[in-house]
Structures are given as structure tokens and as C-alpha cells.
Amino acid sequence: MINIMQKFKRFLFWLSIVLSLPLCWGGTSVLIWPIDPVLEDYQNATAVWLENKGDSAGYFQIRTFKWHQENNEDIFDTQNEIIASPPFALIEPDKKQLIRLVRDASGKVPEGGEKAYRVFVDEIPYTPETSAQEEGKPKKASAGLQLQMRYSIPLFSNGK
């Protein structure tokens, strides 16, 4: 059973690498590491770093969901076992932010067991003009397209 889970983890790791290659070539502005965080039975938290490699500030929302697969489909369920802290981050260019993934007591895994989660990091379109408009200043007219990126990171929580 453990051998199958290890092979599955390796498969997910390499799949995430292959699927992220187009994002790297596309000039994405956020660097996320580690890409394979794990919560061992003796840990109450683990860390993920977000680093803004772009030219402007980035605003991010971090959420965690329970994750399993049925009929080759990903199923995500809301949960309160793993909490991201902080759940939102404004990261200036060339700065980084530590995100703690904290396990609640209900998130303990039975011996020999494993729980799977997905950590979603959503890039929220952010411009200084948006906050200027909220302060009563006029918004600058601009033409362009803003994209919202979503990054999905697997998180496994292991029992002894």
C-alpha cells in the first residue's frame, strides 16, 4: 500500500512539473516553493513561500480543500482541518511571503493513514488605481486584459 502511495506521489510531482512548464515560459510572476509540502504526524504546521518576481505588487488568496479522486475526476471538499495563515497576501515586487499551513486537532491522521489536500493560490487582479479609486481619486482609463492565475499545490498529511 505504501509503495503504491509513493508511486502516486512521484507521479503527481512529475505531472505538476510537466504541467507547470508552459506557465514558466509564459512569464508568470509568482514563484511558489516547496511544490510538494507534507505534514508529518509530529508536525502541526508546514510552510509554503510565495515570491513575487514581477514588476508590480501581487495580491493573492490562499485556500485549502480536501482532495480525492473518483472516476479519474478531482473532487474538492471544504474543510477546517488545514488553515492557511495568512489567507490573503499583498506581495510587493522582489519580496516574499511565508504562508503557514496549520493543522487543527481534527486534522490528525490515524497511524498508517494519509489525508490529501489541495492548496489553491489565486492571484487576484490588483492595481494601485483600484485602491486610489476607493479613496475618492479618479481612476485612470486603460485598455488591456487582466488574467487571474490559479496555482494548485498538493498537500499530504501522513500518520506514523
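## Overall organisation

Within the chain, 71% of the contacts with a separation of 6 or more are between residues 24 or more positions apart, a contact being heavy atoms within 4.5 Å. This is a predicted model, in which local features need pLDDT of at least 70 and side-chain atom pairs count only at pLDDT 80 or more, while totals for chains, interfaces and linings use all residues. Residues are numbered from 1 along each chain as its sequence is written, and side-chain values use heavy atoms, with hydrogens and water left out.

The secondary structure consists of two helices and 10 strands, arranged along the sequence as α-β-β-β-β-β-β-β-β-β-α-β; helices (H or I, at least four residues) and strands (E, at least two) are DSSP runs numbered from the N terminus. Of the 160 residues, 30% count as buried, where buried means under 20% relative accessible area, exposed over 50%, and partly exposed in between, with a 1.4 Å probe and protein chains only. The accessible surface of the chain is about 10500 Å², and carbon and sulfur atoms make up 55% of that area, as calculated by the Shrake-Rupley method with a 1.4 Å probe.

## The nonpolar core

In soluble globular proteins, nonpolar side chains tend to be buried together. The largest nonpolar core here has 19 residues, among which Ile-32, Leu-50, Phe-60, Ile-62, Leu-101 and Val-121 touch the most other members; such a core is a set of buried Ala, Val, Leu, Ile, Met, Phe, Trp, Tyr and Cys residues joined through side-chain atoms within 4.5 Å. At least two residues of this core come from each of strands S1 (30–33), S3, S4, S6 (82–85), S7, S8 (96–103), S9 and S10 (150–158).

Leu-50 has contacts, leaving aside residues up to four places away in sequence, that include Val-30, Ile-32, Phe-60, Ile-62, Ile-99 and Val-121.

## Aromatic pairs and charges over rings

The structure holds five aromatic pairs, counted where the ring centres of Phe, Tyr or Trp (its six-membered ring) lie within 6.5 Å, with planes under 30 degrees apart called stacked, over 60 edge-to-face and the rest tilted. The rings of Tyr-59 and Phe-88 are stacked, because their planes stand at 15° with the centres 6.1 Å apart. This pair links Tyr-59 in strand S4 (residues 58–70) with Phe-88 in strand S7 (residues 88–91), 29 residues apart. Tyr-59 is partly exposed at 29% relative accessibility, and Phe-88 is partly exposed at 41%.

Phe-65 and Phe-120 form an edge-to-face pair, 5.5 Å centre to centre with 65° between the planes. Phe-65 belongs to strand S4 and Phe-120 to strand S9 (residues 114–124), so their pairing ties together parts 55 residues apart in sequence.

Lys-96 lies over the face of Trp-49 at 5.3 Å from the ring centre, and the charged end of Arg-118 sits over the ring of Trp-67, 4.1 Å from its centre.

## A buried asparagine

Asn-52, in strand S3 (residues 45–52), is buried, with a relative accessible area of 2%. The side chain of Asn-52 reaches the backbone nitrogen of Gly-54 at 2.8 Å and the backbone oxygen of Ser-56 at 2.9 Å. Beyond residues up to four places away in sequence, Asn-52 touches residues including Ser-29, Ala-57, Ile-91 and Lys-95.

How values were computed: Polar contact = N/O pair within 3.5 Å; in protein donor to acceptor, adjacent residues only side chain to side chain. Lys NZ or Arg CZ within 6 Å of the ring centre and 35° of its normal.
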